[in-house]
Amino acid sequence: MSIKNVCILGATGSIGLNTLDVISQHPDRYNAFALTANQNHAEMLVLCEKYKPHFVAMVDEDSAEQLAVGVRQKGLDIVVLSGAQSLEYLASHESVDVVMAAIVGAAGLKPNLAAASKGKKVLLANKESLVMSGQLFMECVKKSSAELLPIDSEHNAIFQCLPESYACGERIESSVKRILLTASGGPFRTWPMNKLQLVTPQQACAHPNWSMGQKISVDSASLMNKGLELIEACWLFNVSPEKIDVHIHPESIIHSMVEYIDGSVLSQMGNPDMRTPIAYGLAWPERIDAGVLPLDLFKVGQLNFERPDMERFPCLQLAMDAFNVGGTACASLNAANEVSVASFLKGNIAFTAIPDIICRVLETVPVHNVDSIERVLSADLEARQVAEEIILSI
Ligand code: NAD
Ligand code: MG
């Protein structure tokens with residue numbers, strides 16, 4: 001068996017570090033060939049010492065310079081690149097076999113597309129790129145015969161519950177009746193509406209079950225994460241939103257389910273630990289040890305389910321509506337959400353302002369057909385500008 005060279009886009013993040021953890025458990029199978037990040041050169045230097053990649057890239061030029069100094073001082077033989085284009089270069093590098101797409105937000109779109117268009121095995125954690133440009137991304141995967149595997153725990157679970165021969169993007173068989181997409185409900189699941197106004201970034205980032213990056217933690221608290229995931233599922237599994245039912249499941253033990261026409265419901269379960277879907281994606285169609293604790297159902301005791309409350313958490317409905325509008329509406333939704341979440345994290349707006357801003361952006365920014373990546377990126381830019389203006393005015 002030959003060792004697979006892995007490029008990790010977003011190596012210093014939560015998914016990136018979990019990926020390195022799994023890789024390091026299997027040095028006979030995987031090599032951390034290229035690591036990329038935005039600005040965090042101190043963390044990247046630690047990763048350079050520990051994993052000795054061939055290439056590293058920092059988007060921020062100053063951070064790349066600082067990293068290069070550190071790499072030289074430590075006597076490491078690593079090529080340091082800088083700038084956003086270096087990510088596309090590494091994601092499509094001829095020596096790379098597997099790309100872990102784990103950048104947060106729209107910044108992942110171009111490198112992910114670069115990996116897909118070169119026919120790589122793409123492990124997709126970065127849901128935002130699919131939300132923005134699902135049609136173009138899936139067309140690119142099909143055209144280049146890239147191997148696309150979902151890493152988002154719910155989509156990974158759904159993939160595991162579909163027939164073994166299933167490939168992402170194909171129409172699912174008519175024997176599948178429904179997809180049951182589970183959601184933890186986030187830290188404010190039981191909070192009354194009037195208390196949501198005052199929540200702090202720290203409270204929003206304290207997810208009850210998962211340890212994740214800040215942006216996805218806030219998205220989980222607002223249920224926008226489930227909205228983005230619903231759109232992600234529509235593209236990955238080629239289904240319409242009517243075939244997907246969101247179930248709040250506070251224990252996060254069932255990661256999602258597939259219901260068949262004979263009444264069978266298949267679920268994938270496990271401890272909430274992203275190393276499971278990461279190991280699954282890396283080794284597929286085989287299985288490898290992920291270093292995850294065994295599931296103790298006696299300790300879990302109960303599995304509960306609730307309907308989502310669309311009134312307290314309007315973001316889920318906003319996402320469904322944007323998907324139904326189609327075209328560039330989802331790119332605008334995503335951009336407005338990114339700007340609003342960043343502003344909430346800085347303490348500039350209330351948590352409850354997030355859906356209001358997104359709603360106003362969607363009403364303002366015109367919708368176009370998604371005929372090119374440039375079109376998607378211009379909708380993204382316009383929505384960001386409109387969102388910033390709205391925030392300044394409140
Ligand atoms: P994170 O914030 O912990 O890490 C983000 C990574 O992206 C960092 O390495 C950072 O350097 C890099 N990055 C940030 N901005 C960038 C830019 N402009 N250009 C290039 N690189 C940039 O995020 P995370 O929690 O690891 O999430 C990453 C992606 O995976 C997100 O799309 C998220 O929705 C998805 N995801 C995460 C989890 C989880 O458990 N963390 C679960 C499912 C899906
Ligand atoms: Mg998820």
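Let me start with what I call a donor: an N, O or S atom within 2.8 Å of the metal, or 3.2 Å for Na, K and Ca, and since water is not among the atoms, sites may look incomplete. With that, the donor residues of the magnesium ion (ligand 2) follow the spacing D-x1-E-x74-E. They are Asp-152 (OD), Glu-154 (OE) and Glu-229 (OE), at 2.1 to 2.2 Å from the ion.

Quick housekeeping: this is a predicted model, where local features need pLDDT of at least 70 and side-chain atom pairs count only at pLDDT 80 or more, while totals for chains, interfaces and linings use all residues. Residues are numbered from 1 along each chain as its sequence is written, chains are lettered from A and ligands numbered from 1 in the order in which they are written, and side-chain values use heavy atoms, with hydrogens and water left out.

Back to the site. Is Asp-152 buried or exposed? Asp-152 is buried, at 8% relative accessibility; buried here means under 20% relative accessible area, exposed over 50%, and partly exposed in between, with a 1.4 Å probe and protein chains only. Glu-154 is buried too.

Now salt bridges, meaning a side-chain nitrogen of Lys or Arg within 4 Å of a carboxyl oxygen of Asp or Glu. There are 17 of them. One joins Lys-127 to Asp-152, 2.9 Å from N to O. Lys-127 sits in helix H6 and Asp-152 in the loop between strand E7 and helix H7, so this pair ties together parts 25 residues apart in sequence. Helices (H or I, at least four residues) and strands (E, at least two) are DSSP runs, numbered from the N terminus. Lys-127 is buried as well, at 4%. And the network goes on: Lys-127, Asp-152, Glu-154, Lys-226 and Glu-229 are all linked by salt bridges.

Elsewhere, Asp-245 pairs with Arg-178, closest N and O atoms 2.7 Å apart. That one links strand E9 to strand E8, 67 residues apart. Here Asp-245 is partly exposed at 30%, and Arg-178 is partly exposed at 24%.

Last stop, the helices. H10 and H11 pack at about 95°, axes 5 Å apart; the axes are lines fitted to C-alpha atoms over the stretch in contact, and angles run from 0 to 180 degrees between N-to-C directions. So the two are roughly perpendicular, a label for 65 to 115 degrees, with under 35 roughly parallel, over 145 roughly antiparallel and the rest oblique.
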